[in-house]
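Reader: Please present the model, and then let us discuss its features in turn.

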Amino acid sequence: MPKLTTAIAIETSCDDTSVALVRADGYVHACVSAAQDEKHRPFGGIVPEVAGRAHAEALMPLIDSVLGEQKMEWSAVDAIAVTNRPGLLGSLLVGVVTAKTLGLIFGKPFLGVNHLEGHIFAPFLKDTNHQPTHDLEFPFVSLAVSGGHTTLYLVKGLGDYEVLGTTRDDAAGEAFDKFSKMLGLGFPGGAQIDRLAQGGKSDAFSFPQGMMQEGELAFSFSGVKSSSMRLIQSLAAEEKRARIADLCASFQEQLAAGLIEKLNRAVKKTGVRVVTITGGVSANSALRRQGSEWASASGLKMVLPPFRYCTDNAAMIGYVGLLRMNRGEFDRQTMAPSPEASVGL
Ligand code: KG4
Ligand code: ZN
């Protein structure tokens with residue numbers, strides 16, 4: 001089979017419908033997403049039934065718009081990549097059934113991709129406005145921090161991952177989302193906390209970081225959750241309002257410091273010199289600043305995705321899909337989505 005060059009990629013695992021046209025070297029021709037925040041906001045969190053329906057509405061128009069924008073016909077597309085795990089089952093089903101149907105109609109090979117593996121490779125995506133600081137090079141250490149996952153991987157090659165540490169309870173993104181809810185800032189919370197933190201004092205309040213014992217690479221956010229709750233309840237409404245910037249700055253700066261400390265331990269343990277931070281929380285300004293400063297002080301190569309590839313996007317799914325399909329991995333029409341995937345992939 002000739003080398004597959006271009007793929008249409010579909011991502012519908014959670015609450016963003018995303019479609020991309022990607023090249024095998026990680027170049028993104030186009031990536032468009034439809035967020036569902038407005039639809040879920042009244043409920044204070046993601047409602048699976050609402051998400052599935054919104055994906056069904058948005059997906060085909062997005063595919064048409066990506067191909068139309070690029071003036072491309074299906075004949076120029078070599079393959080289809082789709083997120084098939086982990087995620088909300090009703091959301092995954094929309095993407096998977098669409099990908100399989102398009103594969104059948106247009107006679108294209110397709111592959112189900114692990115969403116987490118997509119995040120691991122996202123820092124190496126490129127486009128007309130972005131070139132990664134370093135090209136894909138193994139091994140590297142990946143800190144994957146999103147709304148559903150917080151895991152440190154040693155990435156030895158495509159499909160060859162060692163879990164160095166993972167969360168014992170919440171994900172880092174959930175900690176941001178819960179803190180935001182406690183402050184009455186609504187959902188999703190990470191970006192709002194980041195915005196409000198600008199100009200705040202990062203040492204005004206103290207937030208404990210979990211699992212900091214020597215040599216520990218696992219994460220825990222239950223302690224910071226309960227101490228945040230106690231702190232916020234102890235503040236009068238007026239004071240809470242007046243000190244919102246200090247609260248947000250202290251929370252994100254200290255949470256970021258805990259994450260970077262674990263990354264530092266992972267680098268020391270493995271001796272690996274290439275480091276990436278990925279997933280929705282890698283959009284956080286404190287984490288990016290601390291990560292970059294630490295990496296340059298330690299002489300490490302740090303690869304941070306631009307904002308558009310931090311959060312969920314189809315481009316990362318297309319890149320991993322092509323890497324795998326080009327080594328001969330394909331799915332059949334019996335492929336089904338799975339809500340679960342182990343952190344070890
Ligand atoms: O990767 P992602 O889009 O979806 C999952 O796979 O979970 O990550 C979403 C998470 C949410 O918890 C959101 O609050 C968080 O990423 N997030 C942020 C920021 N932007 C998004 N957290 C901290 N700071 C941000 N700027
Ligand atoms: Zn994600």
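Author: Helices (H or I, at least four residues) and strands (E, at least two) are DSSP runs, numbered from the N terminus. This is a predicted model, in which local features need pLDDT of at least 70, side-chain atom pairs count only at pLDDT 80 or more, and totals for chains, interfaces and linings use all residues. Residues are numbered from 1 along each chain as its sequence is written, chains are lettered from A and ligands numbered from 1 in the order in which they are written, and side-chain values use heavy atoms, with hydrogens and water left out.

Reader: Where is Pro139 placed?

Author: Phe138 and Pro139 are joined by a cis peptide bond, with omega about -5°. Pro139 has its place in the loop between α4 (115–121) and β6 (140–145).

Reader: Which loop holds Pro86?

Author: A cis peptide bond also links Arg85 to Pro86, and its omega is about -25°. Pro86 is found in the loop between β4 (79–85) and α3 (89–106).

Reader: What is the phi of Lys71?

Author: Lys71 sits in the loop between α2 (48–69) and β4. Although Lys71 is not a glycine, its phi is positive, at about 50°.

Reader: Are α5 and α9 roughly parallel or antiparallel?

Author: Helix α5 (residues 172–182) packs with helix α9 (residues 244–270) at an angle of about 170°, and their axes are 12 Å apart. Axes are lines fitted to C-alpha atoms, for helices over the stretch in contact, and angles run from 0 to 180 degrees between N-to-C directions. Angles over 145 degrees count as roughly antiparallel, under 35 as roughly parallel, 65 to 115 as roughly perpendicular and the rest as oblique. The angle therefore makes α5, relative to α9, roughly antiparallel.

Reader: Which residues of α9 make the contact with α5?

Author: Contact means heavy atoms within 4.5 Å. From α5 come Ala172, Ala175, Phe176 and Phe179, and from α9 come Leu247, Cys248, Phe251, Gln252 and Leu255.

Reader: How far is an oxygen atom of ligand 1 from the side chain of Asp177?

Author: A polar contact here is a pair of N or O atoms within 3.5 Å. A polar side-chain atom of Ser146 lies 3.5 Å from an oxygen atom of ligand 1, and a polar backbone atom of Gly148 is 3.3 Å from an oxygen atom of the ligand. For an N or O atom in the side chain of Asp177, the distance to an oxygen atom of ligand 1 is 2.6 Å.

Notes: Polar contact = N/O pair within 3.5 Å; in protein donor to acceptor, adjacent residues only side chain to side chain.
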